[in-house]
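Subject: Structure handover

Hello,

Here is the structure for your files. Please open it first, then read the notes below.

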Amino acid sequence: LRVYGAARHKAELQTMLISAVDELKSACVTSGQLLAAADNCEGALGDKLHDLGLILEAYDGVVANGRADPSDRLSVLAGQIERSSIGAGTRVFVDGFTDFTAQERRVLEAIMLSGAELCVCLSCDELNGGSEVFALGRITAAELLRFASDNGIETKKTRWTGESTKRRPLSYFAENMFSYRAVEKADADGCIKIITAPDMNAECELAA
């Protein structure tokens, strides 16, 4: 190892590297990709990528000898869906997410390819444009719709427009906190006031 050789003597560095391995697995990044990236990078970044590639390669080698790794569960699941009973006539509902990791997305893609009916609920105002507070949901929806289109899978978009259960001042805040329209504006009940400051210093002074 070029950079992380001291990890053998430092438990906190070992913990950090294991966390990095978990992140890489979540993003479906392989040791080969890291080593290839290291060859294209100079200096400290290239050395770190090289070390992470070797560490991930060694980690995968240990896991391959029969030691189960919790970080691989979703990848294993995605690979087994094709051979499972999931298929036409199966309905899968996914809710409570704003976006998905690469591993989670592979599971959803495998479900779609199986012929099952997949329903994914995302908080979104518009699919094209809209408030930045819904940006993650919008990007996630676009990625899933693009995958379905590329694989000839029929899609249907349903927009739920039920009445909000929030009290009026909170609804006002949710609708206007990222609008940047007014310098100063209050809701009809006079409970909440939204103020747009010219810069970060002015925001801090106002808060103080």
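Which hand does the crossing of α4 and α5 have, left or right? It is left-handed. Here, left-handed means that the near helix is turned anticlockwise from the far one by less than a right angle, and right-handed means clockwise.

Some ground rules. This is a predicted model, in which local features need pLDDT of at least 70, side-chain atom pairs count only at pLDDT 80 or more, and totals for chains, interfaces and linings use all residues. Residues are numbered from 1 along each chain as its sequence is written, and side-chain values use heavy atoms, with hydrogens and water left out. Helices (H or I, at least four residues) and strands (E, at least two) are DSSP runs, numbered from the N terminus.

Helix packing

Two packed helices are described by the angle between their axes and the distance between the axes. Axes are lines fitted to C-alpha atoms, for helices over the stretch in contact. Angles run from 0 to 180 degrees between N-to-C directions. Under 35 degrees counts as roughly parallel, over 145 as roughly antiparallel, 65 to 115 as roughly perpendicular, and the rest as oblique. Contact means heavy atoms within 4.5 Å.

Start with α4 and α5. Helix α4 covers residues 73-80, and its axis lies 8 Å from that of α5, at an angle of about 15 degrees. That makes α4 roughly parallel to α5. From α4, the contact uses Leu74, Ser75, Leu77 and Ala78. From α5, it uses Gln103, Glu104, Arg106, Val107 and Ala110. By class, the residues of this contact are 5 nonpolar, 2 polar and 2 charged. The classes are: Ala, Val, Leu, Ile, Met, Phe, Trp, Tyr, Cys and Pro as nonpolar; Asp, Glu, Lys and Arg as charged; the others, Gly among them, as polar.

Next, α2 and α3. Helix α2 (residues 31-39) packs with α3 at about 160 degrees, the axes being 8 Å apart. The pair is therefore roughly antiparallel. The crossing of α2 past α3 is left-handed. On the α2 side, the contact is made by Ser31, Leu34, Leu35, Ala37 and Ala38. Residues on the α3 side include Gly46, Leu49, His50 and Glu57. The contact of α2 with α3 has 8 nonpolar, 4 polar and 1 charged residues.

Then α1 and α3. Their axes come within 10 Å and cross at roughly 80 degrees. So α1 is roughly perpendicular to α3. Leu17, Ile18, Ala20, Val21, Leu24 and Lys25 of α1 meet Leu52, Ile55, Leu56, Tyr59 and Asp60 of α3. This contact of α1 with α3 has 9 nonpolar, no polar and 2 charged residues.

Tyr59 deserves a look. It sits in helix α3. The cut-offs: buried is under 20% relative accessible area, exposed is over 50%, and partly exposed is in between (1.4 Å probe, protein chains only). Leaving aside neighbours within four places in sequence, Tyr59 is in contact with Ile18, Val21, Lys25 and Asp69. Tyr59 and Val21 are 38 residues apart in sequence, and their C-alpha atoms are 8.3 Å apart in space.

Salt bridges

The structure holds 7 salt bridges. A salt bridge is a side-chain nitrogen of Lys or Arg within 4 Å of a carboxyl oxygen of Asp or Glu.

- Lys25 and Asp60: the closest N and O atoms are 2.7 Å apart. Lys25 is in helix α1 (residues 11-26) and Asp60 in helix α3 (residues 43-64), 35 residues apart. Lys25 is buried at 7% relative accessibility, while Asp60 is partly exposed at 29%.
- Arg105 and Glu143: the closest N and O atoms are 3.7 Å apart. Arg105 lies in helix α5 (residues 102-113) and Glu143 in helix α6 (residues 135-150), so the pair ties together parts 38 residues apart in sequence.
- Glu126 and Arg159: the closest N and O atoms are 3.2 Å apart. Glu126 is in the loop between β2 (117-120) and α6, and Arg159 is in the loop between α6 and α7 (168-176). Arg159 is exposed at 55% relative accessibility.

One network to note: salt bridges link Lys25, Asp60 and Asp72.

Best regards
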